[in-house]
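Colleague: I'd like to learn how to read a few features in this one. Can we go through them together?

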Amino acid sequence: PGARAAEDKMAAPVSEGFPALEPGAAPYGNFPNYSRFHPPEGRVRLLPGGLLRSLFPGATRPLLGLDVGCNSGELSVALYRHLLGLQEGEGSLDQPAAGKDLNLLCCDIDPVLIERAQQFSPFPASISFASLDIMDSAAREPFLSSYLGRFGRSAFDIGFCMSVTMWIHLNHGDSGLREFLSLLSSLCTYLLIEPQPWKCYRAAARRLRKLGRSDFDHFRSLAINGDMAERITQILTRDCAMELVCCFGSTSWDRSLLLFKSNGSNHEGGESSEQE
């Protein structure tokens, strides 16, 4: 199939065949071939080497990371390699100590994508993939508490939210976006976020109409719009007690990579018990 067919395939969620009113009919950004369109290197090359060491200079315990909306895991694995300075092809067999430095929990709403991520993960001991709707508090809270509890921790050191905010916003509205950002800021000491610009919202709505599906419930009523990197920065800094540490520049597809840090003392160490 040509590029056009691939794009049409990409525009449809993996959960095909639902009636138009079923939840699965609304795309959540769960494209089956996402990394072919936006390769992980496009983001990873913007991040400086040694980033974890500079953010956590005195860390004596493994760092915990949370990747929300990980799709089939290619970007999660590329981020993990980059943050630990592992070369392509170096797997966990060559690096038995890798998991001592960083444990990464990656979640996505789509169980088919998660299954694929688990199948191809080169670091099964230190990267966990799980199917989770992050906006479902009844599922989210016990799941995240259980994961953090295994490490005696109450928060993650660093969170990743790469091209996910638009899907939360389109499917849950302005209040959903605020709730999502508030959640991430409460869960993570640092947050690396890549918001989709407003033009992506229009393109997503257009794709949906082309597929003959009804519009996103919230698209026409979103009051948070325009410069989305700026609007998300405002929400995180004004309402979520975070500060913008730096912008690592933009990808070739015009998305900014923004790093925030929590001002809250509730994250210091993030440990529920001291275990040295």
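Colleague: Which residue caps the N-terminal end of α7?

Modeller: First, the ground rules. This is a predicted model, where local features need pLDDT of at least 70, side-chain atom pairs count only at pLDDT 80 or more, and totals for chains, interfaces and linings use all residues. Residues are numbered from 1 along each chain as its sequence is written, and side-chain values use heavy atoms, with hydrogens and water left out. Helices (H or I, at least four residues) and strands (E, at least two) are DSSP runs, numbered from the N terminus. Now the cap: D110 does it, with a side-chain oxygen 2.9 Å from the backbone nitrogen of V112.

Colleague: Which residues of α7 are buried?

Modeller: Buried means under 20% relative accessible area and exposed over 50%, with partly exposed in between (1.4 Å probe, protein chains only). In α7 (residues 111-120), the buried ones are L113, I114 and A117. Looking down the axis of α7, they fall within an arc of 100 degrees, so they line one face of the helix; the arc is that of the directions from the helix axis to the C-beta atoms. The face turned away from that buried side carries exposed E115 and Q119.

Colleague: What covers the buried residues of α7?

Modeller: Contact means heavy atoms within 4.5 Å. The cover includes β2 and β3 (127-131).

Colleague: And which strands does β1 pair with?

Modeller: Two strands pair if DSSP finds at least two bridges between them. β1 (residues 63-68) runs parallel to β2 (residues 102-108), with 6 bridges, including D67 to C106. β1 also pairs in the parallel sense with β4 (residues 156-162) over 3 bridges, and G65 has I158 as its partner there.

Key:
A polar contact is a pair of N or O atoms within 3.5 Å; within protein, one must be able to donate a hydrogen and the other to accept it, and residues adjacent in sequence count only if both atoms are side-chain atoms.
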